[in-house]
Amino acid sequence: MKSDIHPDYHEINVIMTDGTTYKTRSCMGKPGDTLRLDIDPKSHPAWTGVQRVMDTGGQIAKFNKKFAGIGARKA
């Protein structure tokens, strides 16, 4: 292996979405830095199996209004 080409591998702190913390080793930042997670296995639907519909800016309502007549049969 070539020398001096590998990044520094050190210990960092990780803070989960529920506030729990743990230490792990990473190449991110400097030794002792903190990584705050926005999404983790405790909160993401892929791991929890619970789906949530997040209507940001009324996108679902706008979609339903735009396509309300599609599929409806006219007598």
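**Terms and the values behind them**

Guide: Start with contacts in the chain. Of those with a separation of 6 or more, 7% are between residues 24 or more positions apart. Keep in mind that this is a predicted model.

Visitor: What makes the joined side chains of Asp 8 and His 10 a polar contact?

Guide: The distance is 3.1 Å. The cut-off for a pair of N or O atoms is within 3.5 Å, so the pair counts as a polar contact.

Visitor: Which residues does Asp 8 touch, leaving out those up to four places away in sequence?

Guide: Ser 26, Cys 27 and Pro 31. Touching requires heavy atoms within 4.5 Å, so each of these residues has heavy atoms within that limit of Asp 8. Asp 8 itself lies in the segment before β1.

Visitor: How far apart are Asp 8 and Gly 29?

Guide: They are 21 residues apart in sequence, and 9.2 Å apart in space, C-alpha to C-alpha.

Visitor: Why are Phe 63, Phe 67 and Ile 70 called a nonpolar patch?

Guide: Phe and Ile count as nonpolar, and such side chains are joined within 5 Å when each residue has over 30% relative accessible area; therefore these three qualify as a patch. Together they have about 320 Å² of accessible area. Phe 63 lies in helix α2, residues 59–66.

Visitor: What share of the chain is buried?

Guide: Buried residues make up 9% of the 75 residues. Buried means under 20% relative accessible area, so that 9% falls below this limit.

Visitor: What is the order of the elements?

Guide: From the N terminus, β-β-β-α-α. That comes to two helices and three strands.

Technical notes:
Residues numbered from 1 in each chain as written. Predicted model: local features only at pLDDT ≥ 70, side-chain atom pairs only at ≥ 80, totals over all residues. Heavy atoms only, no water. Patch = residues over 30% accessible without salt bridge, like charges linked within 9 Å, V, L, I, M, F, W, Y side chains within 5 Å. Areas by Shrake-Rupley, 256 points an atom, 1.4 Å probe, with all protein chains shown as cover. Salt bridge = Lys/Arg side-chain N within 4 Å of Asp/Glu carboxyl O. Helix = DSSP H or I, 4+ residues; strand = E, 2+ residues; numbered from the N terminus. Polar contact = N/O pair within 3.5 Å; in protein donor to acceptor, adjacent residues only side chain to side chain. Buried < 20%, exposed > 50% of the residue type's maximum accessible area, 1.4 Å probe, protein only.
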